[in-house]
Amino acid sequence: LWFSPLLPILFIVAALTSGVALLILILTVTFKLIGYKMEEKLVVGLGKYLTAFLLLQLFLVFIENIVRTYGGMGGGEMSKFLFSGPYSMVFWGVQILIGTVIPIIILSSRKTMLTVQIASVLAVIGVFAERFNLVIPGQSVPSQQVVGRTMMGIYGEPAIYSISGAEFAIILGVIGAIGLAYIIGLRFIKLLPSQPGS
């Protein structure tokens with residue numbers, strides 16, 4: 001699944017999609033917590049960017065999987081594994097339907113603050129599913145180091161990975177550090193208007 005010339009571009013577009021969606025959600029929550037009124041045109045304006053990035057992401061996913069399916073180098077087998085295999089529900093149901101198509105439909109109708117926020121939540125879920133579909137199915141089939149031989153574990157059995165407590169703590173620590181940096185930025189850097197409505 002990683003053998004694709006479009007993968008670097010798709011990474012950037014997915015980052016822009018999730019970045020705009022998270023920006024909408026974080027701004028909304030921040031303004032709500034501090035009691036400021038957020039202008040609807042700001043959220044609707046960001047919703048237009050989110051629509052464009054979602055459309056571009058859907059187009060790139062379509063093109064990438066066409067290349068995988070018909071481009072040879074084993075990509076066709078991996079696409080079948082993703083499309084109709086054990087991870088197909090995550091691909092079709094979460095990534096494509098919930099995370100891309102439904103937000104595009106919501107944002108194509110009349111945009112309000114609420115509809116943009118709902119679409120943003122769904123877009124973040126879709127990008128997370130896209131990353132899941134890239135990493136987990138891509139590693140579930142052992143890669144061939146030499147023709148006819150696959151990478152195995154230390155004692156010859158297939159390599160199996162599960163997240164450890166230390167790795168989970170690192171993830172929580174990184175999220176906590178980012179949240180702390182944001183709170184410090186709000187406290188000491190003038191990121192928001194000094195008075196409600198200004």
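Two rings of Phe, Tyr or Trp (its six-membered ring) are called a pair if their centres lie within 6.5 Å. The model you are looking at is predicted, and a search of the whole structure finds three aromatic pairs in it. Let's visit two of them.

Start with tyrosine 87 and phenylalanine 132. Their ring centres are 6.0 Å apart and their planes meet at 65°, so this pair is edge-to-face; the cut-off for that label is over 60 degrees. Where do the two partners sit? Tyrosine 87 is in the loop between helix H3 (75-84) and helix H4 (88-108), while phenylalanine 132 belongs to helix H5 (residues 113-140), so the pair ties together parts that are 45 residues apart in sequence.

Now look at phenylalanine 91 and tryptophan 92. Here the centres are 5.0 Å apart with the planes at 80°, so this pair is edge-to-face.

| Residue | Relative accessibility | Class |
|---|---|---|
| Tyrosine 87 | 18% | buried |
| Phenylalanine 132 | 29% | partly exposed |
| Phenylalanine 91 | 4% | buried |
| Tryptophan 92 | 44% | partly exposed |

Phenylalanine 91 counts as buried because its 4% falls under the 20% cut-off.

Arginine 131 lies over the face of phenylalanine 11, at 4.0 Å from the ring centre. Arginine 187, in turn, is placed over the face of phenylalanine 188, and its distance from that ring centre is 5.4 Å.

Key
Residues are numbered from 1 along each chain as its sequence is written. This is a predicted model: local features need pLDDT of at least 70, side-chain atom pairs count only at pLDDT 80 or more; totals for chains, interfaces and linings use all residues. Side-chain values use heavy atoms; hydrogens and water are left out. Rings of Phe, Tyr and Trp (its six-membered ring) pair if their centres lie within 6.5 Å; planes under 30 degrees apart count as stacked, over 60 as edge-to-face and the rest as tilted. Helices (H or I, at least four residues) and strands (E, at least two) are DSSP runs, numbered from the N terminus. Buried means under 20% relative accessible area, exposed over 50%, partly exposed in between (1.4 Å probe, protein chains only). A charge sits over a ring if NZ of Lys or CZ of Arg is within 6 Å of the ring centre and within 35 degrees of the ring normal.
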